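Work through the exercises below with the model in view. Each task is followed by a solution in steps.

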Amino acid sequence: MANNEAKFSVNQPSKTQKLFIGVQIFFRIVAIAASVASSWLMITSKQVIDIGGIVLDARYSYSPEFKFLAFTNIVVGCFSLLSLLFLVLVVRQGSNPNHYFFLFLHDLAMMSLVVGGCAAATTVGFLGKHGNSHTGWMQICDNFGRFCNRATTSVTISYLNMVCLLILTITSASKSRKMEA
């Protein structure tokens, strides 16, 4: 009887294991939601204005950096959904540090993609907001305010996504280093 109770208690997840899994699930869901929201905001950001009879429009697709951010968020959202499903399978099979190492590699790759997309979009956004007097590039956000606000919100949500992925990367790395007792 004592032997059966010992086996049963070994298979039960500890409080720290439950907390770890809860944190992983929470931040993966937040990362998925942030990816969807950011890509949707970027893809739907457009504005048409009329200046002295000349019609001008601004769209995310006119900037390769904004397109990169939008598609990066779509890819990260899809792969984060797959990693959430993988995490559920890992939890059902039992804890194995090798599984968490794969999650660490995944989270690191996804975070790197988001960092690249955020950096590129932030650079173009800064130029759109402030211009560059040395090169003669004019600011456009004073004319395309709604477009710039949506793009800024999209980039901000992408930075939130990056923080979530950073937390996931750190926790997965920590868990992959721990050996089972």
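**Exercise 1.** Describe how helices H2 and H3 are placed relative to each other.

Solution. Step 1: the axes of H2 (residues 15-43) and H3 come within 8 Å and cross at roughly 155°. Axes are lines fitted to C-alpha atoms over the stretch in contact, with angles from 0 to 180 degrees between N-to-C directions; helices are DSSP runs (H or I, at least four residues), numbered from the N terminus. Step 2: H2 is therefore roughly antiparallel to H3, a term for angles over 145 degrees. Step 3: the crossing of H2 past H3 is left-handed, meaning that the near helix is turned anticlockwise from the far one by less than a right angle.

The model is predicted: local features need pLDDT of at least 70, side-chain atom pairs count only at pLDDT 80 or more, and totals for chains, interfaces and linings use all residues. Residues are numbered from 1 along each chain as its sequence is written, and side-chain values use heavy atoms, leaving out hydrogens and water.

**Exercise 2.** Which helix gives the most to the nonpolar patch?

Solution. Step 1: the surface patch consists of Phe-68, Val-75, Phe-79, Leu-81, Leu-82, Leu-85 and Leu-113, with about 600 Å² of accessible area together. Step 2: helix H3 (residues 64-93) gives the most, with 6 residues.

**Exercise 3.** Is Val-75 buried or exposed, or partly exposed?

Solution. Step 1: Val-75 lies in helix H3. Step 2: its relative accessibility is 35%, so Val-75 counts as partly exposed (buried is under 20%, exposed over 50%, partly exposed in between; 1.4 Å probe, protein chains only).

Terms used: Patches are made of residues with over 30% relative accessible area and no salt bridge: like charges are joined within 9 Å, nonpolar side chains (Val, Leu, Ile, Met, Phe, Trp, Tyr) within 5 Å. Accessible areas come from the Shrake-Rupley method with a 1.4 Å probe; for residues, only the protein chains shown count as cover. A salt bridge is a side-chain nitrogen of Lys or Arg within 4 Å of a carboxyl oxygen of Asp or Glu. Helices (H or I, at least four residues) and strands (E, at least two) are DSSP runs, numbered from the N terminus. Angles under 35 degrees count as roughly parallel, over 145 as roughly antiparallel, 65 to 115 as roughly perpendicular and the rest as oblique.
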